[in-house]
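Biologist: I would like to learn how to read salt bridges and strands in a model. Can we work through one together?

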Amino acid sequence: MTDTTAQDAGTGALASPASSSDLYRAVWRWHFYAGLLVLPFMITLAVTGALYLFREELDAILHADLKRVEIRETVAKATPSAIVAAALDAYPRRAVKYISPAGDSDSAEITVSADTGQRLAVYVDPYDATVLGALPDRGTVMWTVRYLHSLRYFGPTVRSVIEIVGGWSILLVGTGIYLWWPRRRGRGGVTSVRGTPKNRMFWRDTHAVTGIFVGFFIVFLAITGMPWSGNWGAKVNEWANGNNFGYPAGVRVDVPMSDVKLAEIAPTTWSLEQARIPQSTDAAPQARDMGLDRAVEIIDGLGLHRGYTIGLPSSPTGVYSASVYPDDLAQQRVVHLDQYSGKPLVDMSYADYGPLGRWLEFGINTHMGQQFGLANQLLLVVVCLAIVMLAVSAGVMWWKRRPKGSLGVPPMPADRRVFRGLLAILAIGGIIFPLVGLSLIAMLAVDLLVIRPLGTRLSAR
């Protein structure tokens with residue numbers, strides 16, 4: 001690498017010995033590829049993620065006519081059964097889910113299902129059972145943002161991209177730290193930004209300084225987002241939860257179980273996606289369903305956090321399934337009640353999760369901005385803005401550095417043997433995250449068979 005090339009690479013010093021120079025080139029080349037693949041997705045993830053951090057606040061504003069009610073302390077609230085009846089009068093279907101108001105100014109939400117399977121979320125004033133309106137189930141603006149963030153709108157194949165992006169993001173940070181490393185230079189480009197926006201040095205320093213301060217958070221978000229991926233996440237979910245009907249290890253399940261999963265009837269945590277619903281067994285020949293009002297009375301007596309969801313029984317063996325996942329992990333709870341006797345068949349909290357489940361749920365809760373309140377939300381908003389800045393500065397820096405008529409791919413190392421150690425590291429990552437490994441192989445093939453020959457032809461002109 002010539003002195004000029006070393007400066008362009010951002011070393012800020014004279015070229016290193018050949019081996020160090022070659023390693024720098026190899027790392028820089030793969031950092032470029034990682035950015036090329038990841039940064040467009042990271043912008044989308046950062047923007048949708050920043051919005052979703054304030055999902056409750058934004059939904060309360062955007063759907064205030066449905067979600068907010070006037071507090072009337074002197075008025076007795078309607079019974080849950082009356083609220084459900086009002087929803088069914090307005091929308092004659094079958095009630096499948098009841099969500100209790102999380103606060104005194106919140107409406108109740110009833111999910112009703114048509115024979116076609118289409119569902120509506122009906123919002124009802126809990127004081128006088130007035131129906132406020134309805135939306136498609138999970139049809140609020142923030143549910144749309146969530147599905148965009150997870151690429152759920154685009155099917156399972158495209159959702160696999162999340163796993164690939166997560167792995168390449170970690171590679172991006174690792175190679176970026178190597179390129180940022182001071183190497184006996186001053187604060188410029190290490191902790192400070194030089195130049196003005198007209199200069200390439202300004203954008204290089206902005207990219208490097210922003211990246212080093214936000215790198216830890218990118219890795220954290222990538223790792224804690226991995227459990228939601230369709231391939232790796234699903235396998236780890238099975239391993240973390242064991243084989244006891246989808247419940248974490250340590251939860252005793254000694255009642256008959258159905259084939260219905262908790263995730264099919266109510267939003268649930270990652271650790272309980274595979275949890276199966278128990279069956280009611282206390283039915284005498286003339287036994288009657290105890291009713292929603294009695295179920296709510298029992299659930300309140302058990303001390304579940306306000307705002308819980310109750311999945312309603314839909315068959316003689318169905319149960320009342322109450323679940324709540326507030327910001328405080330310690331108050332996460334799932335309780336299944338026999339629909340006839342009201343007996344709790346399964347009563348489980350966060351403390352019952354296995355060690356891996358608890359760690360992953362803590363990471364997911366922090367990832368979603370819940371664990372540490374407003375400070376958690378504000379910190380991650382800053383991180384999301386920094387990620388957008390990283391992507392923008394990378395694009396500007398590439399455009400200013402790119403030679404005319406060239407792809408601007410960083411040069412190949414003179415000694416190809418330096419790739420061996422780098423490829424070994426990539427291989428380890430590929431074993432841990434198989435889809436990432438396949439994408440690394442594909443990128444390596446493109447580099448060897450397409451980009452390198454194309455670069456040779458362009459430079460020969």
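Modeller: Start with a cut-off: a residue is buried when its relative accessible area is under 20%, exposed when over 50%, and partly exposed in between. Keep in mind that this is a predicted model.

Biologist: Is Asp 205 buried or exposed?

Modeller: Asp 205 has a relative accessible area of 0%, so Asp 205 is buried.

Biologist: Which residue forms a salt bridge with Asp 205?

Modeller: The general idea comes first. Side chains of opposite charge can pair when their charged atoms come close. Here the partner is Arg 194, with the closest N and O atoms 2.6 Å apart. Asp 205 sits in helix 8 (residues 200-225), while Arg 194 is in the loop between helix 7 (155-180) and helix 8, and the two are 11 residues apart. Arg 194 is partly exposed at 31%.

Biologist: How many salt bridges does the count give?

Modeller: The count comes to 10 salt bridges. One of them joins the side chains of Asp 106 and Arg 68, at 2.8 Å from N to O. Asp 106 lies in the loop between strand 1 (94-99) and strand 2 (108-113), and Arg 68 in the loop between helix 4 (64-67) and helix 5 (80-90), so this pair ties together parts 38 residues apart in sequence. Asp 106 counts as buried at 18% relative accessibility. Arg 68 counts as partly exposed at 38%.

Biologist: Which strands hold Asp 347 and Arg 333?

Modeller: Asp 347 is in strand 10 (residues 344-349) and Arg 333 in strand 9 (residues 333-338). They form a salt bridge, with the closest N and O atoms 2.8 Å apart. Asp 347 is partly exposed at 36%. Arg 333 is buried at 19%.

Biologist: Now strands. Which way do the residues of strand 2 point?

Modeller: In a regular strand the side chains alternate between the two faces of the sheet. In strand 2, Ala 108, Ile 110 and Val 112 point one way, and Glu 109, Thr 111 and Ser 113 the other. All of these are buried.

Biologist: What pairs with strand 2?

Modeller: Strand 1 pairs with strand 2 in the antiparallel sense over 5 bridges. Thr 111 is the bridge partner of Lys 97. Strand 3 (residues 119-124) also runs antiparallel to strand 2, joined by 6 bridges. There, Val 112 stands opposite Leu 120.

Biologist: Which residue takes a positive phi in the hairpin of strand 2 and strand 3?

Modeller: Gly 117 does, with phi near 95 degrees. That hairpin has 5 residues between the strands.

Key. Residues are numbered from 1 along each chain as its sequence is written. This is a predicted model: local features need pLDDT of at least 70, side-chain atom pairs count only at pLDDT 80 or more; totals for chains, interfaces and linings use all residues. Side-chain values use heavy atoms; hydrogens and water are left out. A salt bridge is a side-chain nitrogen of Lys or Arg within 4 Å of a carboxyl oxygen of Asp or Glu. Helices (H or I, at least four residues) and strands (E, at least two) are DSSP runs, numbered from the N terminus. Buried means under 20% relative accessible area, exposed over 50%, partly exposed in between (1.4 Å probe, protein chains only). Two strands pair if DSSP finds at least two bridges between them.
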